[in-house]
Every structure is written in C-alpha cells, then in structure tokens.
Amino acid sequence: MQMELHTGIELAVALTHQTTLPDLLKTATTQLENAFGLTRCWALELDLSGRTLHCSDLAETCEFDCGDFSHPFAHLLQTGKARELARAASHRLDHPGFQCLLEASHRPKSLRLEPLKGDDGRTLGILVLCRDEPDWSSITAQPLYRGLLQLLTHQWIAQLQSRDQVWQRRLLKRSLDNLHDAETLRKRCESLAQTLVGTSKAMTSLRAQVVRAAGSQLSVLVQGETGCGKDLVARGIHELSDRADGNMVVVNCAAIPDSLLESELFGHTKGAFSGADQAKEGLLAQANGGTLFLDEIGDMPMALQSKLLRVLESRQFRPLGAQKEQHSDFRLVAATHQPLRQSIEGGSFRRDLFYRLSQFPLQITPLRERLDDLESLSRHFIRLYTEREGTGPLGISSHALRALETYDFPGNARELRNIIELACLQTPAGDDIQPEVLNLTDLFAEPYGTERCGGEPHRSEVAAALGVEGIRDLKAAAQAFEAEIIRDRLRQYGGNRAQAAQSLGLPKRTLAHKCLKYQVVEV
C-alpha cells in the first residue's frame, strides 16, 4: 500500500507538470505502461467537431472517422462504455487505420478501449491499453488506475481550457488588429476623399487601393485616360506613405525633349556635354528618400527605358560624365494614358519594364462610367473656384446636373473642372449654375468638312461653321475654330511648331497631337 501511494504521488506530479496537451498525453500513456506493465498505451484525442479521433503519437498520424463503424472506436463513443477485445476479434476488423494501430502495438493478445469524459459529460478521447494477459480486472480494480484516469481527465480539461483561452486571446487580438486596420483604412480614405472626390463604387474602391498601395514599397503603375486624375493618385500615394516627409519629384516624360530627359533624370557633371557649364543634380538623386513620379511613362524613349529598368532593379545610376555610380532610395509611381500592352506589341515599350512598373497596378475609371460623381465633383470645383477668387456661385442646379449627365466627358474630371470654372465666371455670385452657361463641347470631335482636299477644311467652310447663324454643330464649330487658330499661328511662325506651341501656352507634343488630330498642314 505504501509503495502504491508513493507511485501514485510520483505519477500525479508528473502529470500536473505538463504544460501542453501533447506532452500530457505522452506522459500519461508512458506512466500507465510503466505502472501496470502494459505492452503499449495510446491516447486518441477527439477533435472539437466531435467527428474525428487523432492518434498523433504514431509515427504516421492516424485518424479515425467517428461515423465510420468499421472500427471499434465509433461504437465506443456511441455507448460511452469501456470495451475489451481479444486478438482474434481484432484480426477480424479490416479497418486499415485500426490495423495500423495494432501493428504499431506489436499485435497484443488483448486490448482495453477506455473512453474518457469530463465532468460535464463531454467526451475527450479514448485510451487504448495493450497487454498479453486477458484479465483486465486486476488493473481496473486498482484505486491507482481509477485515480490516474480521473487526474488525467482533469488535466486534459485544464489543457483544453487553457488552449481555448489562448485561442480566444489570439482571436481577440486579431479582431482588434482588424478593427484597427479597418479604422485606419477608413480614416485615410476619408482624408483622400478631399482630393480624390467621388461617392461612386469605383472611386471608393480606388481610394482603398491607393491607401493599400501607400502602405507598401511596390512600384505603382497608374493607368487611365487623360484628365482622370492620375497625378492626384500619385500625390495621395506619396502623402499617405512613410516617405511623406521626403520629396515627391515629378517628371513629365512627354513634356521634356528626348535629348534632355536622360540628363534631367540622371544629372550630369560639369563639361559632360556642350553647354554643361556646371554640374547638375538629377531628379533620381532628388527623389532619394521620397517618391519619383514618372508621368506619361509611355512617351519615354526606348533607349532610356532600358537604363530606367536597370535603375529600378539596383537603385544605382551614373550621372552623365561621372565616373562613379550613385544610389537613390526612391519609391516609384508611374502613370500613363496610353495602352501600354498595345505599345509593347507595337515595339515602342519594353515588356520587362512594364512588368517591373506594374507591381501594384491601379486603373482609374473614366468619368463617363461613374456619373454618380458628377455632383460631388462639380461642387468640389465650385468650392475651389470660390476659395481662389474670393467669390463665386452658391452651387449648381439640378437642371445643370442633368445636362452634365448627357455629356460623355472625353477630357474626364479635368474637362469637367474647366466647364465648371467657366460656368462660375458667368454665374452671379450667390446663384446656382444653370444649364445655359455650361459649355459642353468636345474639342476632339471630328472637324466639320474634313473630307475635302486631303482632310483639310476649306476656309469658306470654316468661316461658315464659325458664323453664329450657320452653326448646326457646336462641337464641330469649336474644333474648327481651334484648328484655324493653330494653322494661323503656324503660318505666323513659318511652320516652327516649337515657337507656335510656346505662343499658345502648349507643350510641343500637345501641339503636334492636335495638328495630327485636326489634320492641320503647315503652309
């Protein structure tokens, strides 16, 4: 009796010292084997669903489906009573998992299957005891055996409760983190809505994407039509990122002549080329620690694209005329209105550069596909006009908004702003903008009479189109008027597009595009 008491205390201490459920079950089965001379003892844990028993102590994890009655454990869970099996009966069970368990137990002559339940009746699992003696009463009648099972059950429940608490704490932390992330996202989206204005689903989604892009260091490619606000998206990414304290360096690849673009990006040393009378820091160096925004990346020359790709991969560059390379830690945002995939197929844009730029692609929906944003954008532009001029309209009428909805806005939000600002100028302070002051004219519509003489409008037709009484197509009249101004200015400067563009306040490339679009021929 003294020896049994001593052994029981040692076993109890060993069980209570285990801090995890796998350790508890491993210790319990080992102690039962040693205390009662078992050839083997297994602990099968019932999962939380109550559908599967796991025996993780096997070399290969063994599972038993509780709904599969080809093994004895399913019957045991149904009855809740212990069961003894002889070797002969065990051989007749053809369940592969159960036979695997027997094989790992060295085919004992006798098995005792002991279900373990908590005080609340919840089944925890099953003990599988193996020995060569068929009489189990000599073990099960011992107080030590019953006491150990009771202690094991108690500790098993304690481990499950502890595990549940840990899981609940982790779940709570994850929920709080998600709430914090969601609240941060909401606040940043609200802040972004001051510049990326719109209540449509497309704009709401875009703002959320901008916030996520800002939280990463991935290169962002912003694609969208002219005037849709690609620069505002780039600015939002910069200001919401951890680089907001650094510079945001803007490079318009379409506005800088090809011969100067490389020098502007990389910089140059004194004497690097004719006219370089002093060293100049490039825009890549200026963007160190901040954001480099390459606007109209689709217009970048092919020769410079390969050099840019190398810079993006290494963040190393060499100013023109320099002997050593420099390093710049910048985050890249690029934008284009051109369909780059078509440019790739046409051979004017590098495929590898496209994939390097579009690690985080953003697509801006054109205004004509999100007319729900017309009112909020219009009121936003009215407010900006009033703040700048010190006076302006009170708002915009519902009739004017309905008129705006009939227009397709080829120039997107930028064109809407021009329309609203012109309407503000013609609306008395304190009044609402009315439909009659909205200049809804598509400057890029096909010009009147382009089918004549190689596509160039005849002067008499232009004059007819410009006559107030003869106007039948307002869009064609505005187009023809702009084409005639460009043609006259080119004639004035002897066909010099650079001087004509400067006199009209246009980039040279824009003038070239208009000449092509309007089929203007210099004379």
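Colleague: What makes up the contacts in this protein with a separation of 6 or more?

Modeller: In this predicted model, residues 24 or more positions apart account for 65% of the contacts in the protein with a separation of 6 or more. A contact here requires heavy atoms within 4.5 Å.

Colleague: How many helices and strands does the protein have, and what share of its residues is buried?

Modeller: The protein has 21 helices and 17 strands, and buried residues make up 44% of its 523 residues, where a residue is called buried if its relative accessible area is under 20%.

Colleague: Why is a set of residues called a nonpolar core, and which residues have the most contacts inside the largest one?

Modeller: The name applies because the members are buried residues of listed kinds, Val, Leu, Ile and Met among them, joined through side-chain atoms within 4.5 Å. The largest nonpolar core has 31 residues, and those with the most contacts inside it are Val 251, Leu 292, Leu 294, Ile 297 and Met 300. Among the elements that each supply at least two residues of this core are β8 (248-252), β11 (291-295) and α12 (302-314), and α12 gives the most, with 5 residues.

Colleague: Which residues does Ile 297 contact, leaving aside its neighbours within four places in sequence?

Modeller: With those neighbours left aside, Ile 297 is in contact with residues including Leu 221, Cys 253, Leu 308, Phe 349 and Leu 357. A second, separate core of 25 residues includes Leu 11, Leu 24, Leu 151 and Leu 152.

Colleague: How do you know that the span of helix α2 is close to the expected one?

Modeller: The expected span is 1.5 Å times one less than the number of residues. Helix α2 (residues 21-36) has 16 residues, for which 22 Å is expected, and α2 reaches 22 Å from its first C-alpha to its last. The buried residues of α2 include Leu 21, Leu 24, Leu 25, Ala 28 and Leu 32, and α2 is followed by Gly 37, whose phi is positive, near 65°.

Colleague: How much space lies in the second largest pocket, and what classes of residue make up its lining?

Modeller: About 370 Å³ of space lies in the second largest pocket. Of the 19 residues that line this pocket, the closest to its centre are Thr 195, Gly 229, Leu 232, Phe 381 and Ala 413. By class, the lining has 10 nonpolar, 5 polar and 4 charged residues; Gly counts as polar in this scheme. Helix α15 gives the most to the lining, with 4 residues.

Methods
Residues are numbered from 1 along each chain as its sequence is written. This is a predicted model: local features need pLDDT of at least 70, side-chain atom pairs count only at pLDDT 80 or more; totals for chains, interfaces and linings use all residues. Side-chain values use heavy atoms; hydrogens and water are left out. Buried means under 20% relative accessible area, exposed over 50%, partly exposed in between (1.4 Å probe, protein chains only). On a 1 Å grid over the protein atoms alone, a cavity is a set of points where a 1.4 Å probe fits but cannot get out, and a pocket is an open set with protein on both sides within 12 Å along at least five of seven lines; lining residues have an atom within 4 Å of a point. Grid points are joined across faces, edges and corners, and a volume is the space filled by probe spheres set on the points.
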